Amino acid sequence: MKKLLITMTVNDEQFDLMVRPNETLTETLRERLGLTGVKEGCAEGVCGACAVLMDQHPVRACLTLSMEADGTSITTIEGLASDGKLHHLQESFINHGAVQCGFCTPGMIMVSKALLDEKPSPTDDEIKEALSGNLCRCTGYKKILEAVRSTTQIDPKKGA
Amino acid sequence: MRLPAFDYYSPTSIENAIQIKNEFGGSAVILAGGTDLIVNLKNRVIAPSVVISLKNLRELRKIDLAGDSLVIGAGASLSQVACNENVQRHFPILVDAIKHIGAPSIQRHRGSIGGNLCLNPRCLFYNQSFFWRKGKGSCLRTGGKTCLALEKAESCQAICSADTAPVIVALSGQLTIVGRAGSRSCSAQEFFTGKGETPFNLGPDEILTEIRIPIPWAPISSSYKRLSYRSAIDFPVINAACVATFEQEKIFRFRLVVSAAGPAPITLKDLESTFIGREPSQELFSEAEQAAVRAVEGIVVDNSIASKQYRVKMAGVMARRVTQSALTASRR
């Protein structure tokens, strides 16, 4: 099993990496690039804590081989803040107390971001459906839903 | 959880993919979306030496009308199929089934329609971690001599848990399978062998490439329903699909498929002739329910999170519900 070369753009920076064929995207992002915002929860696709955006679509990093990410553009939670300023979704999660232990939060925010990028004013049911693949054991989801909902009224062009 | 070691290939043509598959035979597996395969690799229930990725085979992702059929490339992602105009227009039942798979935003962009059909049949004693399985000993499918779910079983009793399987069977889908000897066609029903160890009618050198669904000549009424403990990221306890066409308010064609009961979807063949020419009625729905219970009784074994008795009873309930919903829905 020899290592193979992949090229991927992670948070707008291009990386050429030698990875093992059996390496998952979680391992590559966390261990090679130090992006520990990608959380490994269940490691079998149930919890959604490892969600990252691959070419704008949310995917589970634990179920994606790094080889499959060759040539794609990946966005992780670390790529959301810019110029030292948090993304409005991150702000909103903090303001609404939607973060307790924080383990599910990166996945929740990445999936919400993908939803809002596609549909800037989703209904409550659409938010619930989009987040149905993400588990949180602390908040009971109500505050998460409120946090996402509150950002839908903000014009993304104007910022928070 | 780390993955076991394997070699990785990403062929750029179907011929090339088949060549590699032929070379390694049973020790090579096909990776499409990976949402089922990677979990099975992590749990060490399969141990291939080679993984063949379909990521470079763009021709497998096309969805086109060809003559009187809708041809869906096996590598098309589930969301791509669900959002396709022709699929929505002709087969809303397929869109409905896809909406039940996994979680909307995540598995649908990775998961593929071919991958869902080829979902490894599931069993309470099989889809567990290596550590868990070590306590029970090996089963028929993991190299042991007995089935842990049914002592006297001659073959693995794992459950066909794909949401799209009963739907494609109910829609009389034809699958195109390409191998070293060329391509062949196989009906969706024949594709499922009913044996857990070799659940699909696929040779060691073969790859599923297309799903062809005949466009109905008359408006069809259809319904898909599934029973599961969670509405997202879960597999069905029982699911059922019903497709019917009418002629002057009387049933002209009828097909009812119950799945997640045994290793293959179960088509209730008898009803296809006895229902013709009749009008929808409560009596008819009860007949469908009884027929489903009779058909699954000898097939269901205790290998799911729900008990055997409950699953048999629910097979009847789901059969009744899809029949009622398909036969009384507005036709399109």
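## Strand pairing in chain B

In this predicted model, strand S5 (residues 69-73) of chain B pairs with strand S8 (residues 207-214) of chain B in the antiparallel sense over five bridges, where two strands pair if DSSP finds at least two bridges between them. Leu70(B) stands opposite Ile213(B) in S8(B). Helices (H or I, at least four residues) and strands (E, at least two) are DSSP runs, numbered from the N terminus.

S5(B) and S8(B) belong to an open sheet of five strands, in the order S4-S5-S8-S6-S7 of chain B and with antiparallel pairing. Strand S4 (63-66) and strand S7 (182-187) of chain B are at the edges, each with a single partner strand, so one side of each is left without a neighbour in the sheet. On average, neighbouring strands of this sheet are turned by 25° against each other, direction ignored.

## A β-α-β unit in chain B

Strand S2 (residues 28-31) and strand S3 (residues 50-53) of chain B run parallel and are joined by four bridges, with Val29(B) opposite Val51(B) in S3(B). Together with helix H2 (residues 37-42) of chain B, S2(B) and S3(B) make a right-handed β-α-β unit (right-handed if, with the strands pointing away from the viewer, the path from the first strand over the helix to the second runs clockwise).

## Helix packing in chain A

Helix H2 (residues 88-95) of chain A packs against helix H5 (residues 142-152) of chain A at an angle of about 135°, with their axes 9 Å apart; axes are lines fitted to C-alpha atoms, for helices over the stretch in contact, and angles run from 0 to 180 degrees between N-to-C directions. H2(A) and H5(A) are therefore oblique to each other (under 35 degrees counts as roughly parallel, over 145 as roughly antiparallel, 65 to 115 as roughly perpendicular and the rest as oblique). The contact (heavy atoms within 4.5 Å) involves His88(A), Leu89(A), Ser92(A) and Phe93(A) of H2(A), and Ile144(A), Ala147(A), Val148(A), Ser150(A) and Thr151(A) of H5(A).

H2(A) also packs with helix H3 (residues 105-118) of chain A, at an angle of about 130° and with their axes 10 Å apart. This contact is made by Leu89(A), Gln90(A) and Phe93(A) of H2(A) with residues of H3(A) including Met108(A), Ile109(A) and Lys113(A).

## Basis of the values

Residues are numbered from 1 along each chain as its sequence is written, while chains are lettered from A and ligands numbered from 1 in the order in which they are written. Local features need pLDDT of at least 70, side-chain atom pairs count only at pLDDT 80 or more, and totals for chains, interfaces and linings use all residues, while side-chain values use heavy atoms, with hydrogens and water left out.
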